[in-house]
Amino acid sequence: MSEEKSLNFIEEIIEKDIENNVHNGWVQTRFPPEPNGYLHIGHSKSICLNFGLAKKYYGKCNLRFDDTNPEKEEVEYVESIKEDIQWLGFQWDNEFYASDYFDKLYDFAVTLIKKGLAYVEDASSEEMAKLKGTPTAPGSDSPCRSRNVEENLDLFTRMKNGEYADGTRVLRAKIDMAHDNMIMRDPVIYRIKHTEHHRTGNAWCIYPMYDFAHGQSDSIEEITHSICTLEFIPHRDLYNWCIEKLEIFPSRQYEFARLNMSYTLMSKRKLLTLVNEKFVEGWDDPRMPTISGFRRRGYTPESIREFCDKIGVAKRDNMIDTSLLDFCLRDHLNQIALRRMAVLDPIKLVITNYPAHITEEFLEAENNPEDIEAGYRSLPFGNELWIERTDFMEDAPKKYFRLGPGLQVRLKSAYIVECHDFKKDEAGQITEVHCRYFPESKSGHDTSGIKVKGTIHWVSCAHAKDAEIRLYDRLFTVENPAASEEELKDILNPDSLHIIPNAKIEPALLNASRTDKFQFLRLGYFCLDKNSVVDKLIFNRTVGLKDSWAKENKQ
RNA sequence: UGCCUGAUGGUGUAAAGGUAGCACAGCAGUUUUUGGUACUGUUAGUCUUGGUUCGAAUCCAGGUCGGGUAACCA
């Protein structure tokens, strides 16, 4: 018997509905992106919620593109969105487009006109704004509000037929110019745009507004629970008004708080700016909070799903610490990543007592201590090795468990060595570390009885290959970039990308494939970048390992 | 300013009138051929003022603070 996980407020609503046999207990959700940009980590919360709910309650979840504004929407975005959702591990039951419903939506508008609930407005948007009133003062009726049904029908038909220029007329719902909710003061529901649409081409020159498309689309698809973010709360009145007046399937809208994450930007508009102004390489730049950026960076869908599960669903504004995503990422990567060795900032370690007649020695090294099934690899060893510059100190402090004059360490999967000498250049930089090794301390066959505090990673000089390694840091310097008054470029972290052109990697990495996840021992998790080629391998650091030494060292 | 929302450790999120719990982060320790992992312990919280009640994070009233909204965007 395991403790039942508590329900979030949406699950509570759904379970109550099922209990009350609403729609015979059927649950249908949808994920409704506008194809005007790439999906980001905030969308994954919505994706996990909508698809997750459908799965949990044996219902269905549609993918529906909210493509009612042809000026901003493109096929490229449609394709990327589909790829991202599938990569995250979800499959929609139907692929729909709001533009599929343009005929029906037009008919709905006509219905409203016939009921005397919509009218054609001649005023410009500025004039309309003036008549709209303010939150404290009621609006006033436009002269067009009293047009009769026939005239409205005629005018709307002409709008549709392309007789009017953009911006000259709109169709408005006739609700209440004094309503407390400004959105209900005769909202625009159709506007003229002589713009080619990515799916319907030039078939239409009038397009429905969000408020006249989204809810009706939900209704057409018989979405039972239409889940959106908090900023749509004021729209719920209109959502329900349309359903009531049109007498169509009563979808219900529920709102949850969108994901905010520290040092991360979730605005599609601002992310587009980063792309357009070339602050990043593209939508899938590994520093971007887009799903495609995370994918390229080496994140796993499992870790993102786990993250979405952990952050929960509620109505209060939140700011999730990036460390939670890091935790989910490391947790998964630790289980699956193949262990390899790479040296980012190499200095040479010479084993002075290594037998001259041995030209090459192969050791057996585990691929993943968390997963015995992952097996072992053959690891070449020799008398000259690359080790990390930070793993040697001339004057080591007490708690330094690495190399220094007279100090001993184990070379991972190999032997214990003791430093007896080192060389420096004129600048005082260490160039070589000289050690003696203990042949009887061989990994797995250690009979030396020597105990060492530290183990370091290494790569055999004779067998090492070069690779470019890209280290990433947060893109922004401020915790809440969305709230910053500064310009985007002024809050960008200048050190968000650090390229190491010639790191030394062990030869097993030559066979790396794009889908492999690696842990470079003691450094972090890495994956091949999409631009990596055989002649020039490029690895992205997905995330570093927790580093309690770095923390202690700081103090 | 109207309307709508919300308020629990540093950050998230539970507790549906009955012991404020879990996770991340932090701190301390154990184990370790990764200063990783694993494991153990630990710091820290109900916005405020009243009321109802044997009993309030929870119900009621007032206040305070936060967020949303006032596009021919979604």
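I searched the whole structure for disulfides and found zero. I counted a disulfide as a pair of cysteine sulfur atoms within 2.5 Å.

I looked at Cys-205 next. Cys-205 is in no disulfide, and its nearest cysteine sulfur, that of Cys-144, is 19 Å away. Cys-205 is buried, at a relative accessible area of 9%. My cut-offs with a 1.4 Å probe, on protein chains only, are buried under 20% relative accessible area, exposed over 50%, and partly exposed in between.

Then I turned to Cys-419. Cys-419 is in no disulfide either; the nearest cysteine sulfur belongs to Cys-435, 4.8 Å away. Cys-419 counts as buried too, with 2% relative accessibility.

A note on the source: this is a predicted model, where local features need pLDDT of at least 70, side-chain atom pairs count only at pLDDT 80 or more, and totals for chains, interfaces and linings use all residues. Residues are numbered from 1 along each chain as its sequence is written, chains are lettered from A and ligands numbered from 1 in the order in which they are written, and side-chain values use heavy atoms, with hydrogens and water left out.

Next I checked strand β21, residues 465-472. Strands (E, at least two residues) and helices (H or I, at least four) are DSSP runs, numbered from the N terminus. Six of the eight residues in β21 are buried.

Which strands pair with β21? Pairing takes at least two DSSP bridges between two strands. β22 (residues 497-505) pairs with β21 in the antiparallel sense, over seven bridges. β25 (residues 538-544) runs parallel to β21, joined by three bridges.

I followed Ile-469 across both pairings. Ile-469 stands opposite Ile-500 in β22. In β25, Phe-539 is the bridge partner of Ile-469.
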